[in-house]
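Open the model in your viewer and keep the sequence panel beside it. The tour moves from one selection to the next.

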Amino acid sequence: MIGREEGIYWIWLAETLKAGSRIAARLIHIYGDARNVYHSIRMEDLEDWNEEEKRTIQKLIRSRELKEANEIYRKCEKNKIRILYYNDEDYPVSLRSLPDPPIVLYIRGKLPEFTKRLTVAVVGTRTMTAYGRKMAYSMGYSLGAGGAVIVSGMALGIDSMAMSGAIDAGALTVAVLGSGVDVIYPKEHRFLYDKILACGGCIMSEYPPLTKPIGYHFPVRNRIISGLSDTGLVVEAAMKSGALITAEYVINQGKRLYAVPGPVDAENSKGANMLLREVALPAISPTDILRNCGYMYEDTVNLLKAEEAAARMDMMEMAKRAMEENRIGVKGKSNIEGSTGYGGTAKPTKTETSPAVNNTNPEPENKTAQKADTDKQNKNLFKNPFKKDKSVASEGTKSEEKGKNDNKSKKNSYPAIKIDMDMLDETELKVYNNMKPDVPMLPDEICGEDLNIEKVLCAMTMLQIAGLVEASQGGYYVRISDSHPTKLIDDDETEE
């Protein structure tokens with residue numbers, strides 16, 4: 001077990017290089033542990049590293065202050081938060097295989113025996129429908145009854161419904177947060193948070209105590225959700241859902257990906273259905289997953305119990321009750337029964353009804369506009385967001401000239417991109433323009449004075465969804481086109 005004195009160095013290394021850095025693991029490989037990195041690192045040992053990486057190392061060498069690391073350790077001791085380091089014997093083996101493993105994990109609760117239990121990452125939209133709610137809960141319940149551990153993010157919608165199902169089945173769950181483990185987000189999920197711990201589960205994060213749920217933390221933490229898991233399951237996701245990025249992590253980590261088929265005309269299922277066409281296996285029943293993956297854990301997987309759970313006819317009512325009891329929210333909507341709002345700041349009007357219980361679409365005020373939107377959606381329906389998008393938005397000549405003049409008048413301009421500037425924020429634009437077309441690059445190579453690794457990885461997530469960047473083997477990213485990007489429709493984690 002690593003003691004306080006040595007642990008301080010691990011916290012220093014993690015906090016200096018930030019979450020998602022590949023450099024930390026490379027340094028550990030060279031020097032053995034964080035203490036040796038602190039005392040022995042020399043630029044002479046890193047001559048074959050690129051210039052950006054060397055600048056990061058120079059910053060690391062200058063940052064020898066341990067005050068912050070000591071304070072983090074003190075907070076963990078005071079609040080009974082366990083700290084797990086990369087070299088700890090209890091550190092999950094599957095995370096060590098990642099190119100960007102978390103150097104430090106902060107934990108509440110008890111870690112499952114990952115080497116003895118099948119673990120399934122369950123992800124999906126935060127704007128779930130009644131169908132998604134039922135399937136997430138029933139999958140979580142039946143997989144848990146069959147001996148699996150459910151890993152997810154305790155987020156609004158699908159994630160938390162799957163975890164609730166597993167808990168009701170008496171199974172273990174692991175919640176990986178994008179905040180400190182002592183910061184519950186959304187705050188209404190305290191009921192679920194407490195249940196996870198009470199039932200023997202685990203809350204973990206690579207962010208130290210009191211860290212707020214900043215938006216760019218969440219795409220970075222998703223690699224841990226998939227990294228802990230033997231396989232991944234997407235229950236309900238639209239074409240622009242961030243759940244597709246977690247799905248891509250699963251595939252790139254060499255694991256099986258499953259998806260629950262949805263209605264072919266449902267917006268919330270188009271992303272999951274696309275995965276089924278392109279890369280995923282269908283999960284019609286939890287036993288589809290257990291049969292294919294359970295052979296690795298014959299002592300703990302029980303197909304018969306999973307089948308019995310899946311055969312229950314009251315899963316819809318059980319899911320409704322679990323949603324009420326655990327205060328599980330749907331982003332921007334009232335809860336499933338329409339009584340109060342959980343987890344989203346957007347308040348429904350008096351006449352508004354959650355789409356989870358009312359699937360009737362109101363008559364549009366502008367049918368022509370709706371038809372144009374529908375035609376556009378149909379045109380893009382069969383695009384794979386993981387593949388190159390060759391479409392380029394065309395604009396009128398006057399608009400183009402105006403855009404050019406506006407760009408020339410600005411001090412900070414990004415002329416390489418022919419897009420609507422409102423589509424991407426400044427960080428995403430900088431990351432995109434720091435990449436060379438068709439040249440694989442590591443996130444660390446793109447970092448700079450105002451771009452830390454977390455911001456770069458978050459920007460990469462958005463650029464992937466926009467169809468501008470592709471992930472490739474070994475953790476590299478490739479800028480593929482100047483195509484017109486789109487924005488996430490349901491996965492901006494934090495709301496003002």
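Select strand β4 (residues 149–152) and β5: three bridges join them, and they run parallel. Two strands count as paired if DSSP finds at least two bridges between them. Helices (H or I, at least four residues) and strands (E, at least two) are DSSP runs, numbered from the N terminus. Pick Val 151; its bridge partner in β5 is Val 174.

A note on the model before going further. This is a predicted model, in which local features need pLDDT of at least 70 and side-chain atom pairs count only at pLDDT 80 or more, while totals for chains, interfaces and linings use all residues. Residues are numbered from 1 along each chain as its sequence is written, and side-chain values use heavy atoms, with hydrogens and water left out.

Stay on β5 and show side chains. Thr 173 and Ala 175 point one way, Val 174 and Val 176 the other way, and all are buried. Buried means under 20% relative accessible area, exposed over 50%, partly exposed in between (1.4 Å probe, protein chains only).

**The sheet**

Now select the whole sheet. Nine strands make it up, in the order β1-β2-β6-β5-β4-β3-β7-β8-β9; it is open, with mixed pairing. β1 (82–85) and β9 (281–282) stand at the edges with a single partner strand each, so one side of each has no neighbour in the sheet. Zoom in on β1 and strand β2 (residues 104–109), which pair in the antiparallel sense over four bridges. Here Leu 84 stands opposite Leu 105 in β2.

Axes are lines fitted to C-alpha atoms, for helices over the stretch in contact, and angles run from 0 to 180 degrees between N-to-C directions.

**Helix α13**

Which residues of helix α13 (residues 286–293) are buried? Colour Pro 286, Thr 287, Ile 289, Leu 290 and Cys 293. Look down the axis of α13: these buried residues fall within an arc of 155°, so they line one face of the helix. The arc is that of the directions from the helix axis to the C-beta atoms. The buried residues of α13 pack against β3 (119–123), α7, β7 (231–234), β8 (256–259) and α14 (303–310).

**A helix crossing**

Select helix α7 (residues 130–145) and helix α15 (residues 315–326). Their axes come within 9 Å and cross at roughly 95°. That makes α7 roughly perpendicular to α15 (angles under 35 degrees count as roughly parallel, over 145 as roughly antiparallel, 65 to 115 as roughly perpendicular and the rest as oblique). Residues in the contact include Tyr 137 and Tyr 141 of α7 and Met 318 and Ala 322 of α15. Contact means heavy atoms within 4.5 Å.

**Two single residues**

Click Ser 164, in helix α8 (residues 158–168). Buried or exposed? Ser 164 is buried, with a relative accessible area of 1%. Leaving aside neighbours within four places in sequence, Ser 164 contacts Tyr 137, Leu 192, Ala 322, Asn 326 and Ile 328.

Last, go to Glu 426 in helix α18 (residues 426–433). Glu 426 is partly exposed, with a relative accessible area of 43%. Draw a C-alpha to C-alpha distance from Glu 426 to Ala 459: they are 33 residues apart in sequence and 9.7 Å apart in space.
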